[in-house]
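Dear colleague,

Here is the structure that I said I would pass on to you. My notes on what was found in it follow directly below.

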Amino acid sequence: MKPETVFSGAAASGGKAFGIAAFWGSSDSSIVERAGGTEAQERALLAANIQRAKHALATLAYAQDKDAKDIIGLQIALLEDDTFLEPVFARVKSGMKADIAWETHLDQEIDNYAGSEDRHFQSIAHDLVDLKKRMLRLIRESPHSQWTSVQQTNLILLADDISPSDLLSIDRAALSGLALIKGSLTNHVAVLARGRGIPLIVGCPPAILFISNGSPILLDADNNIIAVNPDGNRQINMSRPPSKKPASPRIIHKADAKGSHSENRTVNICLNIDGPEIIQNIDVSAVDGIGLFRTEFLITDGQLPDENEQFEIYRSVLDWSRGKQVVIRTFDFGGDKVINGLIADQNVNPFLGVRGYRLSRMYPDLFRGQLKALARAAPYGNLAVMIPMVTAPFEMSEFKSEFQDVVAELGHQHIRCALPKLGMMIEVPSAALTLDRFDADFYSIGSNDLIQYVSAVSRDTLQLDYLADAWEPSIYRLLRECVSVASAKNVPISICGEIASLPKHIPNLLDCGIRSLSVSPGQVEVVRHAIGQWHRRST
């Protein structure tokens, strides 16, 4: 038997997968030579393949979810943007071959976006690389990237990197896990992998590309390891047939709800969602409601839904909840979540600038429209509304006053409405340290930003992985203080950040006194199990 070899990286999408090594190889389209034609021929070739690429992308996007449609939609939009394409045609007019003109222009754009300090623009660079390669394959008629594998199921993909559209083109039934040399925790490949329940480890050593094709592999993204030819207990686990993959990691069927409170008792488990489509196949009896509805992800094609459209969306989620609480967060644009025309150019650091409630205050018409939609939806269920990025007590008071004015205005117009419970996110350290000064109906801890601000470590910077656990003592001390203040004021407190979805953090969160967790839909069962283990240890 071959000896076990273990590699490590950073988990971008959790879970474990058993399978065999396979490789995503692509012909290097940059070295494919082709004879050029006349200017008219090259221009026609370029135009024809732009149309071919648009058609292929539109077909690929058709059956995808919202995240995937947005990623592919950006590429389609660029192929329809005359301003973006004009420099390419200008190069062809000057005598350059179509493929060289395309490659030269895209390389410039990629460098511009990759050099930005804004993570959103950096992620666009990744999409441009994808688009560049797609067009070059079409123009040069080079083979598309494909699997190199000894079988076609239960595969662990090993690659230097992979583009979003290539990941979407892979048969999900064949793919068990991904290990990449490049990538990050927040790029679009990571987003797509998490949305599909595909374990993904990034930042792997280049040596993974020298693993023998067909080697047995355990990819354990919960512990950041890739074990090749696993032995001992890992080999025993490998010999067991893999469990059947669910159709979607977001689906929690009614059967899963059986005994859902038998072990977690007084600990509530709610869901984090980005839109109503995520809960379509989830039985509400399996959870305790919605702990975080991120409304900024309702944007489509660069546009937010209007007041009436928002009202219908909010009401549909309240109808689904059957009286259980639904916590909807007002728009949290800023940082790496942008909308055209709303982010101030003066943001030197977008994560410390005009974002969250700060941005909403700058666009009162947009914000008031959302509050009207929420007030109108409130009579149809147990609604609670909270604002993100609260820093000073006056912001909470201002928010409450604004919402009360909206309810009064709708009442004068004889429009059915109600004032929901109004709360705040605890993300800014200054707010966490002086929570007793904030008058809110409830508190929700946003651990992602709170950890980032307390530790001065960006969560998507793999080079700082050695500080991954350095924040824990300070954050847990801060959480205990927040829980103590909330308890003294008799105000409910929950946590909706990423650590609430990770089983390894559950014992510490419960030890801090937190009894309400809002988690990713795909993590409900593992979180419930972790709560049960904590209860057994503590009794």
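Asp 441 and Lys 400 are joined through their side chains by a salt bridge, with N to O at 3.5 Å, where a salt bridge is taken as a side-chain nitrogen of Lys or Arg within 4 Å of a carboxyl oxygen of Asp or Glu. Since Asp 441 sits in the loop between helix H13 (429–433) and strand S15 (443–445), while Lys 400 belongs to helix H12 (residues 393–412), the pair ties together parts that are 41 residues apart in sequence. Asp 441, with 34% relative accessibility, counts as partly exposed, whereas Lys 400, with a relative accessible area of 14%, is buried; buried here means under 20% relative accessible area, exposed over 50%, and partly exposed in between, with a 1.4 Å probe and protein chains only. Helices (H or I, at least four residues) and strands (E, at least two) are DSSP runs, numbered from the N terminus.

Please keep in mind that this is a predicted model, in which local features need pLDDT of at least 70 and side-chain atom pairs count only at pLDDT 80 or more, while totals for chains, interfaces and linings use all residues. Residues are numbered from 1 along each chain as its sequence is written, and side-chain values use heavy atoms, with hydrogens and water left out.

The structure holds 14 salt bridges, and a few others deserve a mention. One of them links the side chains of Asp 107 and Lys 132, at 2.7 Å from N to O; because Asp 107 lies in helix H4 (residues 98–114) and Lys 132 in helix H5 (residues 119–140), this pair ties together parts that are 25 residues apart in sequence. Asp 107 counts as partly exposed at 30% relative accessibility, but Lys 132 counts as buried at 16%. Another is formed by Arg 329 and Glu 296, whose closest N and O atoms are 2.6 Å apart. Here Arg 329 comes from strand S12 (residues 326–329) and Glu 296 from the loop between strand S11 (290–294) and helix H9 (307–321), so the pair ties together parts that are 33 residues apart in sequence; both Arg 329 and Glu 296 are buried.

Turning to the strands, 5 of the 5 residues of strand S5 (residues 155–159) are buried, so S5 is largely enclosed by the rest of the structure. The burial applies to both faces, with Leu 155, Leu 157 and Ala 159 on one side and Ile 156 and Leu 158 on the other. S5 pairs in the parallel sense with strand S6 (residues 175–180) over 5 bridges, pairing being assigned if DSSP finds at least two bridges between two strands, and Ala 179 in S6 is the bridge partner of Leu 158.

As for helix packing, helix H14 (residues 447–455) and helix H15 (residues 472–489) meet through Leu 450, Ile 451 and Val 454 of H14 and Ser 474, Ile 475, Leu 478 and Leu 479 of H15, contact meaning heavy atoms within 4.5 Å.

For the protein overall, the secondary structure comes to 17 helices and 17 strands, and 52% of the 539 residues count as buried. Among contacts between residues at least 6 apart in sequence, 69% join residues at least 24 apart.

With best regards
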